[in-house]
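Let's take a walk through a protein model together.

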Amino acid sequence: MDGNLMNHDRANEKADLSHQEFIRDHDLNGVSRADAMHFGALTEGELVIEKKLKRKIDLLIMPLVILVYLMNYIDRNNYAAARLQGLEKDLGLKGNQYQTGLSILFVGYVLMQVPSNLLLNYAGRPSWYLGFFTIVWGLVSALTSQVHNYGQIVACRFVLGLVEAPFFPGVLFYLSKWYTKNELSLRMAIFYSGSLVSGAFGNLIAAGISSGLAGKRGLSAWQWLYIVEGSITCFVDLIVVFVLPDFPDTWRALDPEMKRVANRRLAIDAAEADVDEAGGMSQWVGCKLAFKDPKTYILAVAYHCITGAAGFQNFFPTLTATLGYSRIISLLLVAPPYVFMVLWSFGHSLASDRLGNRFWFFVYPIPLTIVGFVIFMTTSGFGARYFSFFLMIFIFAQNGTIYAWIANAMPRPPAKRAAALAFINSWLYIVEGSITCFVGLIVVFVLPDFPDTWRALDPEMKRVANRRLAIDAAEADVNEAGGMSQWVGCKLAFKDPKTYILAVAYH
């Protein structure tokens, strides 16, 4: 009898908690393991409620996060479309300056990943937190239309990376607070479809702007591209702030029974309550747990491979331009492969969920993608090359699988899962940057300058090194005395017709 009274009291306590305006994970430390499990299965009545609950979640949350992710990728990748619309020429970009502008976004993106997700988990208000950053990135995107030189575009891209960073790993963590393991793969694929749809419709928007707004009010097509897409993002994100629910306990559209079932089904799925330990330190403890878990690094390597192979998406309009059509047609040709992959990824992830398998669904797209790359590199006809795009884009079928795999493989507490998701999403850029710095240090301290200054050569070796080059050129391989020799050499190069013949061959 006493046990029943205690259980009844606990249920009342949880019901009271559910009516708070908002609550944090670590505020729920009173929920015991026994309460969370409650015999380890939902009753028939609860299964009926669960079905209604999932319908509510699917109809509100999924469309919102997909719509925002669609705008996220459109705002991030409009840089590639702007390139075809005169951005390089208008800003006077030369050499590898365009590539620097492309890459600098990920510097800011990496810096904000892990701290942002830990702060999101602690703050307890995803709607406000994610909504704020998405509005800011819409503003940054729109204001990019006003840049006039290389330094300004690099600064805008860096800030865009900072404010976009919280969204993607934040949503992965957010969805794991609403869906069970067996439901995640399909939802992750549906969520990721936002990026694929953006690849299609972002370029369709770019084509429409190029043909309809170019030159209006004294602005170039690429400037209108940033203004239109940034403004749409701000409008969409205002909806997110006021409509997106935070967590089951705080969603007013759910009655108390639905809230209870929402929390209990996740607790059963994880074999423990999906809550953090009490106290603010739980975020730091969760971060340390994530970095101690070897699965974090294994999954980071897998995600690194996918992201590296998918890098062609940053140049997709440039690739379709090799088919020999006009600028607008080249933008339109980007859409069909993305639309195809949206449809394919739904079936792919649904099968993965139904079969309960992640590994084979992660593996099979790899050979298809490789074949696509080989066909593109070895053919020049329209049919073969365009078909290769449909194979290359199979790399994106892996994304829904890997995101669900990460969420499934990361056990509780939520702070650990939040840190792991953020680290895995940023690990690619951390590793690449670290390798680049390491190789750069080797070059600085190990690479010799010229034979005369290389200390590893004795005097006789230095003499022979210089003499063999002099014999080969029938004269000493040195400049004339005086600083003007560099300018004279430059003029000689531009006067030599071989310079232009070899430049044409290289081009």
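A crossing of two helices is called left-handed if the near helix is turned anticlockwise from the far one by less than a right angle, and right-handed if it is turned clockwise. The helices themselves (H or I, at least four residues), like strands (E, at least two), are DSSP runs numbered from the N terminus. Two packed helices are described by the angle between their axes and the distance between the axes.

## What you are looking at

This is a predicted model, in which local features need pLDDT of at least 70 and side-chain atom pairs count only at pLDDT 80 or more, while totals for chains, interfaces and linings use all residues. Residues are numbered from 1 along each chain as its sequence is written, and side-chain values use heavy atoms, with hydrogens and water left out.

The chain has 24 helices and zero strands. Of its 507 residues, 48% are buried (buried means under 20% relative accessible area, exposed over 50%, and partly exposed in between, with a 1.4 Å probe and protein chains only). Take the contacts (heavy atoms within 4.5 Å) between residues at least 6 apart in sequence: 81% of them join residues at least 24 apart.

## Helix 6 and its two partners

Start with helix 6 (residues 126–143) and helix 7 (residues 150–164), which pack at an angle of about 165° with their axes 9 Å apart. Axes here are lines fitted to C-alpha atoms, for helices over the stretch in contact, and angles run from 0 to 180 degrees between N-to-C directions. That angle makes helix 6 roughly antiparallel to helix 7 (under 35 degrees is roughly parallel, over 145 roughly antiparallel, 65 to 115 roughly perpendicular, and the rest oblique). Helix 6 brings Phe133, Val136, Trp137 and Val140 to the contact, and helix 7 brings Cys156, Val159, Leu160, Val163 and Glu164. Sorted by class, that is eight nonpolar, no polar and one charged residues. For the classes, Ala, Val, Leu, Ile, Met, Phe, Trp, Tyr, Cys and Pro count as nonpolar, Asp, Glu, Lys and Arg as charged, and the others, Gly among them, as polar. The crossing of helix 6 past helix 7 is left-handed.

## Helices 18 and 19

Which way does helix 18 run relative to helix 19, parallel or antiparallel? The axes of helix 18 (residues 365–378) and helix 19 (residues 382–392) come within 7 Å and cross at roughly 155°, which means that helix 18 is roughly antiparallel to helix 19. Their crossing is left-handed. The contact counts ten nonpolar, three polar and one charged residues.

## A gathering of rings

There are 23 aromatic pairs in the structure. Rings of Phe, Tyr and Trp (its six-membered ring) pair if their centres lie within 6.5 Å; planes under 30 degrees apart count as stacked, over 60 as edge-to-face and the rest as tilted. Tyrosine 338 and phenylalanine 396 form a tilted pair, 6.2 Å centre to centre with 35° between the planes. Tyrosine 338 sits in helix 16 (residues 335–355) and phenylalanine 396 in the loop between helix 19 and helix 20 (397–409), so the pair ties together parts 58 residues apart in sequence. Both of these residues are buried.

Phenylalanine 340 and phenylalanine 394 pair edge-to-face, at 5.8 Å centre to centre and 65° between the planes. Phenylalanine 340 is partly exposed, with a relative accessible area of 28%, whereas phenylalanine 394 is buried at 6%. One aromatic cluster includes Tyr338, Phe340, Phe394 and Phe396, along with others such as Trp344 and Phe376.

Glutamate 50 lies in helix 3 (residues 44–84) and counts as buried, at 13% relative accessibility. Not counting residues up to four places away in sequence, glutamate 50 touches Leu42, Glu183, Val261 and Arg265.

Asparagine 314 is in the loop between helix 13 (294–309) and helix 14 (316–321), and at 16% relative accessibility it counts as buried. Asparagine 314 and asparagine 78 are 236 residues apart in sequence, yet 9.3 Å apart in space, C-alpha to C-alpha.
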